[in-house]
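Open your viewer and keep the selection tool ready. We will go from stop to stop.

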Amino acid sequence: MSQFTDWDILRNLLLAARWTILLSLLAFAGGSIVGLLLTFMRISRRKPLIWITRIYIEIFQGTPLLMQLFIAFFGLGLLGIDVSAWTAAALALTLFSSAFLSDIWRGCVESLPKGQWEASRCLGLNYLQTMRYVILPQALRIAIPPTVGFSVQIVKGTALASIIGFVELTKAGTMLNNATFEPFKVFAMVALIYFLLCYPLSRASQYLEEKLNVAGKRA
Amino acid sequence: MGYELNFGALLEYQDVLLSGLWMTVKLTVVSTLLGIMLGILGAAARRHRNPFLRHGSKAYVELIRNTPFIVQLFFIFFGLPAIGIKMTEVEAGILALVINLGAYLTEIIRAGIDNTPKGQIEAARTLGLSSRQIFIRIILPPAFQRVYSSVVSQCIIVMLGSAVVSQISVQELTFAANFIQSRNFLSFESYLVAALLYLLLAFLMRLIFNLIGSRAFSREEKQS
Amino acid sequence: MSLVSVRDVHKYFGDLHVLKGIDLDVKAGEVVSIIGRSGSGKSTLLRCMNGLESYDQGAIILDGMEVSTDEFQVRKLSQSVGMVFQSFNLFPHLTVGENIMLAPTLIKKTNKAEAKKLAQEVLEKVGLGDKFGQYPEKLSGGQQQRVAIARSLAMKPKVLLCDEITSALDPELVGDVLKVLEQLAAEGMTLILVTHEMNFARDVGDRVVFMHQGKVHETGDAKTVLADPQTPELRQFIGAVL
Ligand SMILES: Nc1ncnc2c1ncn2[C@@H]1O[C@H](COP(=O)(O)OP(=O)(O)OP(=O)(O)O)[C@@H](O)[C@H]1O
Ligand SMILES: [Mg+2]
């Protein structure tokens with residue numbers, strides 16, 4: 001009864017998946033920038049800055065991403081800013097990602113042995129120099145696997161943008177389902193495409209993690 | 001900015017909000033309990049002799065962890081009835097939450113189990129315990145304790161994720177907020193209040209879990 | 001008839017020929033010390049005796065049962081043979097008492113009250129009667145090892161296998177553990193121990209088995225063998241240890 005062939009469904013889903021990818025990239029880039037800022041605030045040793053970031057992180061980790069999307073979507077409107085679903089989704093996902101990423105990165109910085117700080121001080125390096133030449137290069141290395149791992153959460157998070165009407169992979173899935181009445185097939189395909197996007201990232205994260213562990217043991 | 005926030009107008013929908021909150025609590029309790037059981041079974045399957053169970057458990061974990069919860073939910077709620085498996089919204093919501101949590105917990109608990117000192121298992125074998133007894137009595141309790149804080153975090157993540165089941169009309173907290181804002185058009189206020197309630201729930205959950213944990217895992221001398 | 005009889009046992013780890021035809025008989029009540037260099041196969045032999053490790057050739061008969069790694073067989077064996085490890089291996093989430101009561105209640109279906117009485121009894125025996133409700137992490141290494149011995153004793157084994165059970169202990173704690181072993185020996189318990197404690201082997205042990213490159217290189221009465229080794233390898237080994 002449906003005029004959609006399987007190929008039509010798949011093609012439409014793949015077209016929509018481009019938006020999933022784009023939104024993911026944007027959220028990842030935005031989240032990284034804001035997250036980096038938060039990370040620096042968090043390790044700045046300035047009490048007020050630390051408190052602000054802690055509260056920020058608590059809020060974004062302690063509320064549903066869906067709520068964050070709704071609030072971005074409707075809240076910005078109140079401020080007189082006309083927001084499309086696309087803008088709201090990009091903003092909410094950016095903030096959401098920044099909270100998690102900064103938390104991950106802070107952990108990486110703090111996981112470095114205290115001796116590194118002490119040794120640097122003995123060498124006469126000041127705080128910024130120690131950061132720049134000793135701590136960050138090391139932290140960066142151990143930060144890569146969990147960061148790649150979190151990118152999977154971002155890709156999956158973009159699916160919620162469908163709820164505020166942004167047409168990406170999941171929304172395309174519900175629309176195609178309404179057109180074809182073949183939910184089993186459509187949502188299986190949707191899941192498969194997400195899986196193909198996420199699984200390589202998961203594996204890469206695991207692989208990098210293992211490589212790092214091996215290198216760490218050798219050192 | 002000519003807009004004044006109006007929280008007072010929400011008071012009239014207090015009951016809706018509370019019943020939504022209550023539903024979220026119920027969903028969370030049920031899916032947490034079942035999810036932990038599923039996670040334990042999944043982790044047990046990962047070290048089972050039977051290769052089908054081992055690989056099946058691994059595939060389950062990868063499949064769930066690499067797809068969005070909302071797609072899992074839609075697949076269960078819309079897809080399964082299409083092949084004859086029918087259920088209510090609440091059942092579908094709980095099933096999706098349990099399957100999702102179970103996958104993450106399988107992985108978390110497995111990691112805890114992998115850190116079991118080999119000698120403990122050998123000591124237990126030497127004492128004559130069967131494989132099943134060894135898993136339940138020797139391996140699992142300390143492994144669960146080792147990863148307890150990750151388990152708690154994951155349960156909280158799933159509680160927050162339960163907001164998504166509003167999309168299949170389960171009348172929980174997010175559904176309530178949706179309903180209220182559709183009536184009074186105070187979207188921002190409604191969602192903000194709901195978000196605060198989620199924050200509170202997350203806080204309480206951690207508190208309760210920590211309380212349970214410190215009781216269950218106490219290593220103070222026991223009087224007998 | 002001997003309680004433990006090992007006949008021409010061979011064991012390979014991949015290409016590594018670890019046990020090369022071991023023969024050994026242990027009578028009830030005997031105290032046998034297995035000595036030898038690191039890597040000579042002592043632990044492997046001990047672990048073959050209670051089914052923790054499989055062997056590729058030969059036979060081990062313990063208390064009339066053929067030893068194998070089959071789970072059912074290992075469970076049956078657990079009623080006849082106990083084992084104490086270098087690393088104690090107490091269960092950290094159980095109290096001392098629960099550690100000891102676990103196997104009797106699960107395997108022998110002893111009722112709770114009786115198991116408790118039994119646990120208290122074996123704890124007194126190793127001098128730790130007051131530690132029943134304590135968790136292992138609160139005990140010293142020497143105390144933990146004595147609890148591990150008590151845990152094995154609660155199954156009333158006919159043979160106790162001990163693999164370097166004092167090697168992980170601080171020197172001042174070794175004595176307490178050896179005292180427990182000595183007392184067990186005096187009560188007639190059959191002991192097979194891998195040990196580096198030469199004084200103990202000579203004074204308490206009946207027999208010494210010197211292993212070298214996967215074989216029983218020299219064996220005999222403890223005092224005689226240690227005082228007057230016949231092979232240059234054993235002579236060298238004793239020289240190195242003392
Ligand atoms: N599970 C195993 N896999 C592979 N090789 C093993 C294994 N266990 C032991 N081996 C090897 O078998 C040989 C004998 O080991 P065994 O532990 O029996 O020696 P040992 O006499 O007890 O030594 P030590 O005094 O160091 O405890 C060693 O070369 C060891 O490396
Ligand atoms: Mg050894």
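**Before you start.** This is a predicted model: local features need pLDDT of at least 70, side-chain atom pairs count only at pLDDT 80 or more, and totals for chains, interfaces and linings use all residues. Residues are numbered from 1 along each chain as its sequence is written, chains are lettered from A and ligands numbered from 1 in the order in which they are written, and side-chain values use heavy atoms, with hydrogens and water left out.

**Stop 1: chain A.** Select chain A. How many helices and strands does chain A have? It has eight helices and zero strands. Helices (H or I, at least four residues) and strands (E, at least two) are DSSP runs, numbered from the N terminus. The C-alpha atoms of chain A fill a box of roughly 80 × 50 × 20 Å along the principal axes. Of its 219 residues, 47% count as buried. Buried means under 20% relative accessible area, exposed over 50%, and partly exposed in between (1.4 Å probe, protein chains only).

**Stop 2: I59(A).** Find helix α2 of chain A, residues 47–62, and pick I59(A) in it. I59(A) has a relative accessible area of 38%, so it is partly exposed.

**Stop 3: two annotated spans.** Select residues 17–205 of chain A. An unreviewed UniProt entry labels them "domain: ABC transmembrane type-1". UniProt annotations may be inferred rather than shown by experiment; positions are in the numbering used here, and feature names are shortened. The span is 84% helix and 0% strand, and its end C-alpha atoms lie 22 Å apart. Next, select residues 21–209 of chain B, where UniProt places the feature "domain: ABC transmembrane type-1" (unreviewed entry). Here the end C-alpha atoms lie 19 Å apart, with 82% helix and 0% strand.

**Stop 4: L204(B).** Go to helix α9 of chain B, residues 187–216, which holds L204(B). L204(B) is partly exposed because its relative accessible area is 35%.

**Stop 5: K112(C).** Move to chain C. K112(C) lies in helix α4, residues 112–125. Is K112(C) buried or exposed? Its relative accessibility is 63%, so K112(C) counts as exposed.
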